[in-house]
Amino acid sequence: MANTTDLNLRVVAGVKVPSPGFGAMGLSNAYGTSNDEESKKLLRHAIKIGLTFWDTADAYGNGHKLSTIYQLPAGSVLAEGDNRSKVFLATKFGHEFDPETRQSSGKIRGDADYVRQAVENSIKRLGTTPDLIYQHRVDPNVSLEETYGTLEELRQAGKFKYIGISEPSAETLRKAAKVHLRPGFAPAARELNIPIVAYSPLGRGFLTGRYKSHEDFEPNDRRRVHPRFSQEHFNNNLKIVEKLTALASKKNITPAQLSLAWVAAQGQDIIPIPGTKTIERLEENWASRDIVFTPEELAELRTAIDQFTVGGTRYPEQMLKHVEK
Ligand SMILES: NC(=O)c1ccc[n+]([C@@H]2O[C@H](COP(=O)([O-])OP(=O)(O)OC[C@H]3O[C@@H](n4cnc5c(N)ncnc54)[C@H](OP(=O)(O)O)[C@@H]3O)[C@@H](O)[C@H]2O)c1
């Protein structure tokens, strides 16, 4: 990853993209109810303000009925005017689900047949070829040569331009890079010159200070089953939010902006991708790009974070087993 003169630009595979980007998972039903028409307005607004690094996945919208799936709002907005040429579009595959019912099988698949089928289905739903495709989770039963060899073949056939990987161990990242990713977590990615797309940079909304209790999540909100947001751990974890809120208030910014600016300050190779369903919060998050910390503020934040022990794992047990250590 090369440095750029504009600190709010990041370079992914030689392409300059703006930071922060946008994560589209919340436009599905992951965090409570969503509305496709509102999502389209939000995506159009994102393009208007220049927020054009978008992250999605074929699995978002899991459980949505028929074709009211996540990828369609993005797809239809991208088909309008010259929108497609303005957006760097990243998508993921790997969580197996039934394309008709959208129900997940709970399995991870990285075999050649599945990779080909998933890439074709994503292109169909998005109505365009993505720029970047990542493997959402590594399939432990398939060799990286098979998964990444197939991806490389599809890349050469023009199905997408770049290949990425989500939640690999440092060892897997190194091996996958040998099969495909061009040479050139954090230390391994940096060593290999691979940019890091930092997901859930607002701690799934928790770090914004907006949630005060486990009960604040809608009944159909997936966060209800995440251990970090359980009744057991909620109050402990709120302590770091209180600290960050106090620091944000001293600086006259919101806690969400503080978190995003902090992630972005960790390096020119990191792109935070916050998600939101509202234009107001999209703008608030976008404005985090103008925030600069003094060395003293950075040190205070680092101490607060290092001294805090988070309660609860970051995924429920069933999902945690798909994340490499
Ligand atoms: N590779 C992977 O395995 C993986 C895993 C998880 C996520 N992701 C990607 O990362 C993206 C972002 O992660 P995320 O959506 O899990 O979490 P996040 O960006 O950390 O937080 C999103 C939550 O914060 C709320 N929010 C956003 N901006 C806010 C603000 N300024 N003030 C108050 N609340 C605010 C949103 O609510 P509203 O919508 O109501 O604003 C939503 O509930 C996803 O959309 C997805 O694209 C990737």
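The chain exposes about 15200 Å², and carbon and sulfur atoms supply 53% of that; accessible areas come from the Shrake-Rupley method with a 1.4 Å probe, and for residues only the protein chains shown count as cover. This is a predicted model: local features need pLDDT of at least 70, side-chain atom pairs count only at pLDDT 80 or more, and totals for chains, interfaces and linings use all residues. Residues are numbered from 1 along each chain as its sequence is written, and side-chain values use heavy atoms, with hydrogens and water left out.

Of the 325 residues in the chain, 53% are buried, meaning under 20% relative accessible area, with exposed over 50% and partly exposed in between (1.4 Å probe, protein chains only). The chain has twelve helices and eleven strands; these are DSSP runs, H or I of at least four residues for helices and E of at least two for strands, numbered from the N terminus.

Now the ligand. There are 31 residues around it, and Tyr31, Asp55, Leu202, Thr276 and Arg281 come nearest; a residue counts as near if one of its heavy atoms lies within 4 Å. By type, the shell divides into twelve nonpolar, ten polar and nine charged residues. Helix H10, residues 279-286, gives the most to the shell, with three residues.

A ligand oxygen is 2.8 Å from a polar backbone atom of Met25. For Gly275 the corresponding distance, again from a ligand oxygen to a polar backbone atom, is 2.9 Å, and for Gly205 it is 3.1 Å. Taken alone the ligand exposes 900 Å², of which the protein buries 95%.

Next, the cores. The largest nonpolar core has 46 residues, and Leu151 and Leu258 have the most contacts inside it; such a core is a set of buried Ala, Val, Leu, Ile, Met, Phe, Trp, Tyr and Cys residues joined through side-chain atoms within 4.5 Å. Helix H8 gives the most to this core, with seven residues. Leaving aside neighbours within four places in sequence, Leu258 is in contact (heavy atoms within 4.5 Å) with Leu244, Leu247, Ala248, Ile253, Phe293 and Leu301. Another core, of 16 residues, lies apart from the largest one and includes Phe22, Trp54, Val87 and Leu282.

Last, one residue. Is His45 buried or exposed? His45 counts as buried because its relative accessibility is 14%. His45 lies in helix H1, residues 36-49. Beyond neighbours within four places in sequence, His45 is in contact with Ile279, Leu282 and Glu283.

Methods
A polar contact is a pair of N or O atoms within 3.5 Å; within protein, one must be able to donate a hydrogen and the other to accept it, and residues adjacent in sequence count only if both atoms are side-chain atoms. Ala, Val, Leu, Ile, Met, Phe, Trp, Tyr, Cys and Pro count as nonpolar, Asp, Glu, Lys and Arg as charged, and the others, Gly among them, as polar.
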